[in-house]
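Visitor: Could you put the model up and talk me through its aromatic contacts?

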Amino acid sequence: MIVCGLKGVGLRTVEQLHLAGVPVVVVDDDQDLSLARVVQDWGVPHISRSAHRGDGLLDAGLESADAVVCAKADELETLETALRVREQRPDIRIAVQMANPLVGHALESVSGPGSVLDSATLAAPSFVEACVRRRAHNLDLGGTRFAVVSMEVDRSDGGEADTFRHRFGSLVPVAIIPGDGGAIAPCPGRDHPVVPGDRVAVLGTVDELEEAGIDSRTATGEIPRSIGIGARLGRRAGTIIRASNNALMLVVAGLLGLILVSAVTLRFIYQGPDGHTHLSFLESLYFTVETVATVGFGDFSFARQGAGIQVFGIALIVVGVTLVSTAFALFTNILVSRRIEQSLGRGQVPGMAGHVVVIGLGSIGINVVEGLVAEGRHVVVVERDERNRYLSRARALNVPVIVADATQSQTHTMANLTEASAVAVLTSADLTNIETGLAVRESLGDRWDDVPVVLRVFDRNLARMMEHNFGFRHARSTSELAAPWFVGAALGLDVLGTFYVEQQPFLVGRVSVARGGGLEGLAMQDLSARTRVIALSRAADDGKLEHPPRRGTRFAAGDQAYLLGPYEELLRVLRRDQKRVGQDV
């Protein structure tokens, strides 16, 4: 296999091919010494020459390669590399990373169906699942609906210690997470012990789960809600007051003071037509307001009053008109400014609660936003770059966009983050994501344990350290989620999905058992202990789905096997079927 490009999904693809025992050569002329050192430590040959110009491909042995993965950071170079590979080797398999859907669709007509992939589109569902606190991952295998459901083991009359088999019967154990903080056990046996407080992920058909009393619905957590009309009006009024400058507050205070002083003065000094009667306080207040507003109706007048009252009337009109005009001008300026800020993405969302705050509107961010909107969730986006290419796409979904620095507490106030149901930090820089995540933790305060904060982190070890030291429970790697799809496309295998259980990524794949391949005649019990065969579609039985296969069940040529497990283990199994055929050839 030849992998062109190491940044992002390229490095994870090389890693997974290497772990699966597939010979791989890297072609990358980007002078990133840290990435080059990583592949060098794996013992993977690295050719530091250009792939899109063709010389690096020739040095990597394109003429004898089985497949090429094009994953350069520059999509123009990726496109040129893919076209050059197809031109020189029309028969070779290609897997291409391309975020632009229009270019990708056009390229697929040249490189072949299923060869063009977008890591953001592939990884986004996992981020969405974490945001909506989905505890079930749905699978459609051979027309049968399956689900992987996570739950906590509760106390029962059977005692403290128990086994998975006794608790969950024929359901398939996908993972067991010890409640005492121990390491996750992926794909354990049914006799694995479980105790109250452990978390388990079980797999079965929807009917099997329902028979076991397990809810297979896809999501739990807060339902999106809007604040009531009274609270919303109060918040909007509070927002306007906070947005008001000191000048407006002083003008309004002066105007109110003027009206009060004038009403009291006229109450005791103004004389009626008979020269003896005085106005009531309500009448004097009414006279003051109509005078200040310059809308006198002729019912009251300063014309027949003494000189002192007339001078007072002149001062009242001049000062009142000045204050009213100034107040209206300042208030109009605030309203117009708020409208402009909202149009530019600098407004606030005071009337929203139970929403999801998405920070970072790159290719992964916009895919997550679209996924959340499809789930019926209210979304608020925070993006630093006001020229971001995806802003119009987000606004077309009626999603509020705030253009601001998400590491600042005032930005969190603008996004009403303290009442959010989830936060997704999805910028393209790990350091920015970490800084933002820590700032979000401070803003959430006591709600930190209740609100899922999904953190995009490229490095797997860094993600684990963030979880251990800072309490982040949902660190995800876009590249780690998407890489199996590229590996599958390169190997000619069918990857059906990737998902997380806690911090462990799992892969679901389908393999057609080749005649003379490494899986033909192999029994289920002879597979890796960390791999689960979910079901078999039997070629000898017109594709009838056999679920669950028994330990002694054997693969037969032409069968389609649906497998689940950690991607390193599953890729070895998927590769195993091809290995003997390749050796025979």
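Guide: What follows is a short talk on ring pairs, charges over rings and a sheet. This is a predicted model, in which local features need pLDDT of at least 70 and side-chain atom pairs count only at pLDDT 80 or more, while totals for chains, interfaces and linings use all residues. Residues are numbered from 1 along each chain as its sequence is written, and side-chain values use heavy atoms, without hydrogens and water.

Visitor: How many aromatic pairs are there in the whole structure?
Guide: The search finds 8, where rings of Phe, Tyr and Trp (its six-membered ring) pair if their centres lie within 6.5 Å, with planes under 30 degrees apart counted as stacked, over 60 as edge-to-face and the rest as tilted. Tyr-270 and Phe-287 form an edge-to-face pair, at 5.4 Å centre to centre and 70° between the planes.

Visitor: Which parts does that pair tie together?
Guide: Tyr-270 lies in the loop between helix 10 (246-269) and helix 11 (281-292), and Phe-287 lies in helix 11, so the pair ties together parts 17 residues apart in sequence; helices are DSSP runs of H or I, at least four residues, numbered from the N terminus.

Visitor: Is Tyr-270 buried or exposed?
Guide: Tyr-270 is buried, at 7% relative accessible area, because buried means under 20%, exposed over 50% and partly exposed in between (1.4 Å probe, protein chains only).

Visitor: Where does Arg-12 lie?
Guide: Arg-12 lies over the face of Phe-458, 4.7 Å from the ring centre; the criterion is NZ of Lys or CZ of Arg within 6 Å of the ring centre and within 35 degrees of the ring normal.

How values were computed
Helices (H or I, at least four residues) and strands (E, at least two) are DSSP runs, numbered from the N terminus.
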